[in-house]
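Here is a short briefing to read alongside the structure. Take a look at the fold first, then go through the points below.

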Amino acid sequence: MDLHQLTAISPVDGRYHPQVSPLEGFFSEYALIKYRVYVEIQYFIFLADKKIFKLTAKDKSKLLEAADQFSLEDAVRIKEIEKTTNHDVKAVEYFIKQEFD
């Protein structure tokens with residue numbers, strides 16, 4: 001079934017979508033995944049800065065780049081990983097590990 005204001009889950013997805021579409025970057029599932037990746041990477045770097053483990057400047061830069069250049073395709077990859085893990089946060093962790101490897 002195609003999305004139509006009468007088939008939408010809520011009025012926000014339907015008749016109010018044009019007015020709230022600028023918020024998709026903050027409240028969509030894509031945004032949730034994007035900011036989860038960002039927080040996980042920042043926490044990982046924080047732990048490295050506290051000398052919990054070593055992280056080279058090159059690896060730190062690569063992680064920050066992964067967060068800064070996060071794309072819809074990356075979110076799709078995470079959703080694919082989630083099909084295996086059955087856990088959304090664990091899928092984010094696996095995605096970061098793959099980026100780090």
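The radius of gyration here is taken over C-alpha atoms, and the globule rule is 2.2 Å times the number of residues to the power 0.38. For a compact globule of 101 residues that would be near 13 Å, but the protein chain has 17 Å. Please keep in mind that this is a predicted model.

**Fold and dimensions**
- The protein chain has six helices and zero strands, giving the pattern α-α-α-α-α-α along the sequence.

**Packing and surface**
- Buried residues make up 20% of the 101 residues in the protein chain.
- Among contacts with a separation of 6 or more, 45% come from residues 24 or more positions apart.
- Carbon and sulfur atoms hold 57% of the accessible surface, which comes to about 7,600 Å² for the protein chain.

**Charges**

**Two loop residues worth a look**
- Lys51 sits in the loop between α3 (29–49) and α4 (57–68). Lys51 is not a glycine, yet has a positive phi of about 65°. Exposed means over 50% relative accessible area, so Lys51, at 72% relative accessibility, counts as exposed.
- Asn86 lies in the loop between α5 (72–85) and α6 (88–100). Asn86 is not a glycine either, and its phi is positive at about 55°. With a relative accessible area of 66%, Asn86 is exposed too.

Methods:
Residues are numbered from 1 along each chain as its sequence is written. This is a predicted model: local features need pLDDT of at least 70, side-chain atom pairs count only at pLDDT 80 or more; totals for chains, interfaces and linings use all residues. Side-chain values use heavy atoms; hydrogens and water are left out. Helices (H or I, at least four residues) and strands (E, at least two) are DSSP runs, numbered from the N terminus. Buried means under 20% relative accessible area, exposed over 50%, partly exposed in between (1.4 Å probe, protein chains only). Contact means heavy atoms within 4.5 Å. Accessible areas come from the Shrake-Rupley method with a 1.4 Å probe; for residues, only the protein chains shown count as cover.
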